[in-house]
Amino acid sequence: FRIDAENFASQRAIQRIGARYEGRMDRRKINANGEIRDYVLYSVTDQTWPVVRKQLNDLVAKSKGPEFIEVQKIK
């Protein structure tokens, strides 16, 4: 996964499923306004996939629980 270095929400989400941090690529993109952006890289390999799959399944199951549904109603 290639994620903008300033996109902390996406970084937390990909870390939560168990993807492995691979590193940072500095100055890899220039936006239309001339702003220079960095990327962070994460990977999921065939060796890490079983853990990632379990994390994804756990998150899906949790999202169907009554606590999560109640939080959704509040928002």
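The following legends describe close-up views of a predicted model. Local features are given at pLDDT of at least 70, side-chain atom pairs count only at pLDDT 80 or more, and totals for chains, interfaces and linings use all residues. Residues are numbered from 1 along each chain as its sequence is written, and side-chain values use heavy atoms, with hydrogens and water left out.

**View 1. The three-stranded sheet.** The open sheet has 3 strands in the order β1-β3-β2, with antiparallel pairing. Its edge strands, each pairing on one side only, are β1 (2-4) and β2 (20-30). Neighbouring strands of this sheet are turned by 30 degrees against each other on average, direction ignored; axes are lines fitted to C-alpha atoms, for helices over the stretch in contact, and angles run from 0 to 180 degrees between N-to-C directions. Strands (E, at least two residues) and helices (H or I, at least four) are DSSP runs numbered from the N terminus, and two strands pair if DSSP finds at least two bridges between them.

**View 2. Pairing along strand β3.** Strand β3 (residues 36-43) pairs with β2 in the antiparallel sense over 7 bridges. Within this pairing, R20 stands opposite S43 and Y21 stands opposite Y42. β1 and β3 pair in the antiparallel sense over 3 bridges, and L41 is the bridge partner of R2. Of the 8 residues in β3, 6 are buried (buried, under 20% relative accessible area; exposed, over 50%; partly exposed, in between; 1.4 Å probe, protein chains only).

**View 3. The β2-β3 hairpin and residue R27.** A hairpin is formed by β2 and β3, with 5 residues between them. In the turn, G34 has a positive phi of about 90 degrees. R27, found in strand β2, also has a positive phi, near 55 degrees, although R27 is a residue other than glycine. R27 is exposed, with a relative accessible area of 61%.

**View 4. The largest nonpolar core.** This core has 8 residues: I3, A5, I14, I17, A19, V40, Y42 and V52. A nonpolar core is a set of buried Ala, Val, Leu, Ile, Met, Phe, Trp, Tyr and Cys residues joined through side-chain atoms within 4.5 Å. I14 touches F1, I3, A19 and Y42, not counting residues up to four places away in sequence (contact, heavy atoms within 4.5 Å).

**View 5. Confidence along the chain.** The chain averages a pLDDT of 88, and 88% of the residues score at least 70; pLDDT is the predictor's confidence in each residue, from 0 to 100. Confidence is highest in β3, at a mean of 95, and lowest in helix α3 (residues 66-74), at 62.
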